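Let's take a walk through this structure together, beginning with the ligand and then turning to a single residue. Keep the 3D view open as you read.

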Amino acid sequence: MPSAAQSPGVRKAVVIGGNRIPFARSGGAYTKSSNQDMLTAALDGLIARFGLQGERIGEVAAGAVLKHSRDFNLTREAVLGSALSAETPSYDLQQACATGLETVLGLANKIKLGQIDSAVAGGVDSASDAPIAVSEGLREVLLDLNRAKTLPARLKILARLRPKDIAPDAPGTGEPRTGLSMGEHQALTTAQWKITREAQDELAYASHRNLAAAYERGFFDDLLTPYRGLSRDSNLRADTSLEKLASLKPVFGKSLGAAATMTAGNSTPLTDGAATVLLGSEEWADERGLPKLATVVDGEAAAVDFVHGKDGLLMAPAFAVPRLLARNGLTLGDIDFFEIHEAFAGTVLSTLAAWEDEDFGRDRLGLSGAFGAVDRGKLNVNGSSLAAGHPFAATGGRIVASLAKMLHERGTVDGRPARGLVSICAAGGQGVVAILEAYPSAEGEQV
Ligand SMILES: CC(=O)CC(=O)SCCNC(=O)CCNC(=O)[C@H](O)C(C)(C)COP(=O)(O)OP(=O)(O)OC[C@H]1O[C@@H](n2cnc3c(N)ncnc32)[C@H](O)[C@@H]1OP(=O)(O)O
């Protein structure tokens with residue numbers, strides 16, 4: 001019998017736990033922190049929580065959407081700066097806002113195949129420390145200057161500079177192929193699916209209320225390490241109200257006139273933060289006496305043709321989830337927790353509306369009718385990105401760590417392990433989704 005690590009068969013990948021730093025609105029508490037600082041802090045908090053100082057982990061994978069060129073080896077540098085063994089291999093991965101979830105899925109697959117026994121997945125982003133590039137003209141001049149050998153040659157190159165070349169090239173949330181920001185794209189989708197302002201504000205309000213309640217009951221006590229004076233997500237507004245949300249002016253979709261419904265309150269803010277998740281085989285966790293909260297069951301990715309207007313930019317999960325559930329013989333009714341990333345309230349509500357729509361089910365999903373309805377009492381029950389904020393690549397780790405803990409707390413439902421669905425939309429018209437199940441504590445036993 002080969003050891004589990006050598007077995008070609010599929011084994012379980014378990015979520016042992018997670019750690020993140022509180023998320024901060026950009027321009028706030030983490031303005032002076034780099035991606036590397038924040039990722040190292042989230043990693044060190046995880047190492048301390050699970051006693052992994054000096055351990056050689058199978059692999060660490062993380063990423064950032066907004067990255068300086070000096071961060072070409074961001075995850076490796078964070079590992080070298082952390083308390084893990086320097087012999088821990090690590091790499092960067094990037095799939096826009098789905099980065100964190102994609103690292104979880106890729107590493108879980110390696111554990112399932114016996115290629116590694118343990119892993120840390122994660123992500124980080126800083127909108128405060130966003131990389132600013134120089135213009136094409138200035139870049140050419142700087143590169144030529146580097147090659148020039150004489151002073152006259154350098155002066156001749158410098159003379160090519162024009163005032164417009166000095167302007168910086170700052171990153172935005174624009175889609176390169178359409179020039180529209182993600183907010184503008186979502187505004188069109190929100191209007192297409194006739195999502196009302198009230199429904200969006202109610203979802204945003206529920207996100208703040210649920211996140212505040214989760215903090216109050218200590219849910220985040222073993223999921224979060226305070227950083228730079230913050231012990232809670234700085235975007236959380238426990239005192240917000242539907243009246244306040246209703247008073248905010250639309251910020252996206254102004255060309256829609258009276259149909260513009262998206263505000264700063266029902267859109268995620270630009271955010272800084274980092275999140276990590278510890279994964280392992282059952283044997284690896286048992287050898288160290290570590291908890292096994294949930295198993296990573298399966299994942300799926302989808303992409304839509306938003307460039308030609310076939311589907312909305314952030315609608316890919318509407319296709320990925322039906323494929324994932326069908327492959328696993330499940331329906332929406334079999335899910336106990338829905339973790340649908342709130343890029344914008346309109347994104348979540350458009351996805352739910354599409355699933356409830358007969359024509360979408362028939363014409364776009366190839367079903368006999370509507371895909372189905374999500375029980376709203378099971379949706380983002382501990383808050384989501386509208387309240388916590390959304391440091392792009394860190395969101396997947398936040399969600400997986402929280403969901404694993406929720407599944408562990410729930411234990412079983414009708415005698416089977418509690419089940420959760422993660423759904424994350426991403427720039428470029430993509431989406432990544434996953435199923436997690438509570439790790440069975442003992443045969444049929446409620447945790
Ligand atoms: C990246 C991927 O791959 C996929 C994705 O996830 S897509 C999502 C990507 N993310 C984005 O595109 C970010 C979008 N967000 C933004 O660009 C900006 O946050 C924004 C344009 C929406 C707002 O920016 P802003 O104007 O600086 O907002 P901000 O000043 O914080 O808020 C405006 C007002 O609303 C108020 N407000 C915001 N949220 C509120 C709430 N929940 N309750 C009450 N008031 C609120 C603020 O207090 C502020 O009021 P004052 O003007 O009186 O101070």
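Which residues come nearest to the ligand? Keep in mind that you are looking at a predicted model. Around the ligand there are 25 residues, and those that come nearest are Arg-25, Cys-97, Thr-240, His-390 and Ala-427. If you sort the shell by class, you will find 15 nonpolar residues, eight polar ones and two charged ones.

Now zoom in on the polar atoms. Thr-240 places a polar side-chain atom 2.6 Å from a nitrogen atom of the ligand. Elsewhere the backbone takes part: a backbone N or O atom of Thr-268 lies 2.9 Å from a ligand nitrogen atom, and a backbone N or O atom of Cys-97 lies 3.0 Å from a ligand oxygen atom. As for cover, the ligand taken alone exposes 1,100 Å², and the protein buries 69% of that.

Next, please find Glu-300, which sits in strand β9, a stretch covering residues 294–303. Is Glu-300 buried or exposed? Its relative accessible area is 15%, and because the cut-off for buried is under 20%, Glu-300 counts as buried.

What does Glu-300 touch there? Leaving out residues up to four places away in sequence, its contacts are Ala-320, Arg-323, Leu-324 and Arg-327, together with Gly-431, Val-432 and Val-433. With one of these neighbours, Arg-323, there is also a polar contact: the two side chains meet at 2.9 Å.

How values were computed
Residues numbered from 1 in each chain as written. Predicted model: local features only at pLDDT ≥ 70, side-chain atom pairs only at ≥ 80, totals over all residues. Heavy atoms only, no water. Near = heavy atom within 4 Å. Polar contact = N/O pair within 3.5 Å; in protein donor to acceptor, adjacent residues only side chain to side chain. Areas by Shrake-Rupley, 256 points an atom, 1.4 Å probe, with all protein chains shown as cover. Nonpolar A, V, L, I, M, F, W, Y, C, P; charged D, E, K, R; others polar. Helix = DSSP H or I, 4+ residues; strand = E, 2+ residues; numbered from the N terminus. Buried < 20%, exposed > 50% of the residue type's maximum accessible area, 1.4 Å probe, protein only. Contact = heavy atoms within 4.5 Å.
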